[in-house]
Amino acid sequence: MTGAVRGGTSILYCAMGESVSETAGVVNLGTEGSMLVGALAAYAITANTHNPWIGALAGASAGAALAFVHAFFVLNRKANQLATGLVVLFLGLGLTSLFGAAYVARTVNSFKTWKVPLLSHIPWIGQIFFQHDPLTYLTFLLVPATWFVLQRTGVGLLVRGAGERSEVLSTYGHNVLLVQYLAVVTGGFLAGLGGAQLSTAYANAWFENMTQGRGFVAVAVVIFAARKPLAAMGGSYLFGAALALSPALQARGWHVNQFALDSLPYLAIIVVLVLLGKKRAAEAPEGLQKVFEMSIAT
Amino acid sequence: MRRISRWAAISAVLLLALVAAACGSNSDKSSANASGSDNSSSSSAPGKDSKAVGFIFVGPKDDFGYNQAAYQGAMAVKAAFPNLKVLTAENVPETDEAARVMEGMIAKGAKIIFATSYGHLDAAMKVAADHPDVAVVQQGNFIKGTVPANAGTYFGTVYEPVYLAGIVAGKQTKTNKLGYVYAFPIPQTVANIDAFELGAQSVNPKAETYVVNTSNWCDPAKQEEAAKSLLAQGVDVLTQHQDCTATITKAAEAAGAMVVGYHADASSLAPKGWIAGSEWDWSALYKDIVQTALDGKFTGSKYNANFRSGLKDGLNPFVQSKYGPAVTQDTKDLVAKAKTDISTSGSPFKGPVMSQDGKTLIAAGTVPDYATIESTIVVFVKGVVGEMPKSS
Amino acid sequence: MTAVTAAVLGKFDRRAATRWALALLGAAIVFGILVMTKGANPFSVYHSMLSTVTTSASTDGILLKATPLIFAALAVAVPARAGMVNVGGEGQLVIGGVFAMGMSLAVNGHLPGQTTLVLMCIAAAVGGALWAAIAAVLKLVIGINEAVSTLLLNYLAINVMLFLIYDRWKDRHGSGQPASRPLRVSERFSLIGSSKVHTGLILAVVMVAVIWWVMRSTRWGFQLRVVGGNPEAARRGGIRVGATLLSAMLVGGALAGLGGVAQLAGAEFKLRQGFLATYGYMAFLASWLARHKPINVALAAVVLAAISVTGDSLQLDSSLPAATVNVLMALVLLAVFGWTRVKVARA
């Protein structure tokens with residue numbers, strides 16, 4: 001279970017970022033790319049500065065920068081959101097390969113796990129939630145914070161407006177484009193943090209394409225969770241659990257088919273989507289709905 | 001045109017196309033991949049007077065493990081043959097793409113190709129068939145049936161140093177639980193795991209080896225998970241058969257556990273926990289293969305076969321790493337004794353060797369030869385905890 | 001064949017051509033700068049890339065890579081004309097391969113090789129179509145967006161294949177590394193001449209022609225385009241939108257499935273881990289680059305295959321990691337997306 005939280009954190013970061021972006025009406029399939037560049041940047045900067053916090057910041061910035069590219073092409077040049085997202089991913093793959101080659105063998109001063117005093121001693125729950133690295137703890141705060149900002153504050157209203165009723169927003173004099181830009185870039189920032197957690201806290205290494213599809217998983221989680229933070233957490237941890245489950249079961253001498261386990265999260269998401277389906281589709285912000293329905297530009 | 005006949009027309013075209021393509025398919029009698037022989041005369045000996053040597057690796061060259069070792073071997077070749085161009089390609093997948101990369105090297109003048117990963121065999125064989133004047137050697141796998149005149153496989157008997165390392169692990173463990181993280185249950189790996197356990201058992205009958213597989217030669221996240229779950233089980237010595245070794249080594253060190261290395265010397269990553277290990281030193285073997293090919297002597301040489309080298313013939317490219325600080329002298333003595341034993345008349349798999357389910361794999365007192373080991377030691381031995389992914 | 005020539009050169013207009021040229025130049029320059037930061041000389045890098053790409057060995061490699069790409073790109077293009085985003089090429093390719101291998105195992109040598117191969121192709125097409133149908137049904141019945149469902153299904157497909165090659169289909173006489181047993185020689189596509197390109201390519205070209213013809217000359221193709229342009233109008237016009245969308249995805253899936261058998265029976269001959277990895281995504285990009293017009297899509301697939309093959313040169317000649325070529329691909333695409341649109345897209 002601890003593995004679930006540990007493994008799911010990076011996905012959760014990505015999912016949060018993607019929720020922000022999607023609330024404003026922009027889908028970013030390139031969030032996987034943001035995560036990847038975030039992982040590399042964090043690892044590289046940590047290697048050079050010996051301070052993982054600076055590394056994490058660098059990772060987040062890298063993720064934001066890549067997301068900026070996505071935002072530019074989608075918002076300014078009106079390119080198709082889904083296709084651009086994938087292109088941005090390829091860009092991320094290539095860039096990290098180019099610049100990451102030098103860091104494959106380096107060790108860094110990574111985030112160490114820190115046991116929360118008192119809380120970590122609570123049997124069972126303590127171990128699952130309170131014996132992690134700082135970036136994971138950050139998610140515990142960030143998730144409710146994001147939800148709060150999006151649902152209850154003026155800023156959040158702007159973001160939601162950009163996604164749902166952009167015409168209304170512009171009538172009131174707000175710069176819809178700016179709001180969307182910021183939302184997408186924030187999404188990238190968070191995804192980059194997720195990547196940082198992956199490289200400097202979780203796996204403690206850097207390898208080409210180390211995210212292995214986690215960003216896509218996050219996109220799915222966002223759909224599944226429909227911007228409800230607890231559901232997003234649950235979805236992310238579900239993935240983390242599945243990742244951790246196979247080695248854990250094997251270590252205990254059990255034999256469960258590995259691929260059945262690997263498929264589990266994807267299946268679970270599909271099942272949930274089926275059950276909640278119609279409701280979710282209707283709940284998506286209108287701007288987003290337009291994207292999905294008429295994705296093909298001339 | 002009426003709608004019906006339109007569709008009929010389409011279906012007809014489709015079917016025709018399919019049949020045409022399929023009819024072009026090889027009949028049962030002809031050989032696959034009719035060799036598109038290239039310009040150079042196929043009568044020249046494979047590899048003779050080559051201007052370049054090509055190496056393909058499945059992973060990155062600084063993975064602190066398998067590929068790094070192979071890369072260092074390649075660099076040794078470069079140093080030894082200054083007139084030879086050394087071409088290297090990393091991250092070459094174990095699919096047909098590898099064939100294309102090798103072709104690219106051949107186009108640049110390489111007549112000697114090293115395909116250094118287990119899964120590169122099929123692509124390597126394809127390339128060898130198409131270029132009879134290129135010597136293609138593959139690391140680690142086995143060519144079944146007749147070995148073509150310009151191909152061969154090579155490897156060291158890795159399980160011998162792993163057995164020795166197992167002795168150290170068996171002596172040093174306090175919980176009697178050893179952990180082994182591996183990628184695929186290929187024969188090499190199974191032999192390693194078994195040798196490790198047998199080595200440990202020889203000095204500590206209570207030692208058990210818990211195994212976890214990651215189905216990947218290098219996925220740091222899976223490795224991390226595997227390491228952590230083994231440690232959570234009480235394992236206090238970790239080892240692995242993975243291409244990149246850094247993650248697990250660091251995980252063990254961070255948890256205060258001991259670690260036995262593989263593929264490369266990663267002791268710098270685990271100054272306290274490192275107790276022993278085994279690593280590659282390909283330079284001598286690579287250089288010899290290159291020289292043999294350059295001289296035109298490849299066909300019929302010992303390399304034009306499934307070449308395996310071990311402690312007995314003194315050329316094992318797989319050697320022991322240095323010991324860690326915590327290892328006592330009498331442990332080292334035990335190892336030295338075992339080593340001498342194996343080099344002369346023994347074997348890590350000297351009988352009796354029992355499988356997990358009680359069957360006798362090697363009868364008591366028998367010393368199996370390399371071929372027997374390759375064919376018999378394909379299941380886990382008693383003392384190994386965990387199952388191999390089944391194949392029905 | 002004036003119709004064909006017109007279709008290809010069709011809307012050739014000078015401004016668009018200049019825009020394309022400038023966009024590509026821009027991408028090339030940015031890539032050059034990036035390469036310089038790693039100490040390589042951009043001119044020599046491009047020179048090596050070009051000279052490698054033009055050797056006959058490379059052309060073979062490019063066409064070999066392009067064969068499944070063309071199928072997969074068509075698999076994106078057809079649903080796209082109907083307004084659907086099929087990102088599932090990756091999974092549909094794999095499932096196609098799986099069904100083909102399954103057919104080969106089922107027949108088990110009891111039929112002549114050629115017949116088996118035809119059956120394998122049909123099986124692959126059926127498999128791919130079914131896989132795509134899952135996403136289509138999810139969309140039509142529940143309303144789940146097909147981009148998301150096809151993406152998830154990709155991962156499932158890979159796991160299905162892995163499960164099979166690790167377990168039921170594992171080659172007992174193989175090396176121990178998970179892979180299926182190889183296809184019988186008679187069940188493979190034969191080579192064209194003395195090259196490494198196989199007859200699967202012919203099948204691909206035929207498919208391009210068929211799809212091109214279907215899209216422009218059949219009622220179904222017309223309905224597809226109407227639904228893609230304006231679903232509401234289509235509905236009011238009496239077209240059954242749901243059925244059209246479903247059929248579009250089925251055709252797309254079938255095409256991708258064919259791509260899978262093409263690679264299996266033409267090059268790989270075994271199902272392995274990593275089978276056709278990333279081809280689906282590259283094909284997605286190819287279709288978008290070519291605005292989903294069948295002939296252009298095929299050309300784009302070849303171009304992307306070529307760019308991807310230059311990755312070999314990057315590694316062998318310029319000591320840059322091979323995956324760097326993804327940067328070039330991405331830059332080219334971004335340049336095209338950003339600056340060669342004549343009409344402004346909706347949404």
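Analyst: Over all chains the count comes to 13 salt bridges, a salt bridge being a side-chain nitrogen of Lys or Arg within 4 Å of a carboxyl oxygen of Asp or Glu. This is a predicted model, in which local features need pLDDT of at least 70 and side-chain atom pairs count only at pLDDT 80 or more, while totals for chains, interfaces and linings use all residues. Residues are numbered from 1 along each chain as its sequence is written, chains are lettered from A and ligands numbered from 1 in the order in which they are written, and side-chain values use heavy atoms, without hydrogens and water.

User: With which residue does Lys126(B) form a salt bridge?

Analyst: Side chains of opposite charge can pair when their charged atoms come close. For Lys126(B), the closest N and O atoms of the pair are 2.8 Å apart. Lys126(B) lies in helix H4 (residues 121-130) of chain B and its partner in the loop between strand E2 (85-89) and helix H3 (97-107), so the pair ties together parts that are 30 residues apart in sequence; helices (H or I, at least four residues) and strands (E, at least two) are DSSP runs, numbered from the N terminus. The partner is Asp96(B).

User: How many salt bridges are there between chain C and chain A?

Analyst: The contact, meaning heavy atoms within 4.5 Å, takes 54 residues from chain C and 49 residues from chain A. By the salt-bridge rule, the count between chain C and chain A is zero.

User: Which helix gives the most to the side of chain C that touches chain A?

Analyst: Helices H2 (14-37), H6 (113-142), H7 (146-166), H12 (279-289) and H14 (325-339) of chain C each supply at least two residues of that side. With 11 residues, the helix that gives the most is H7(C).
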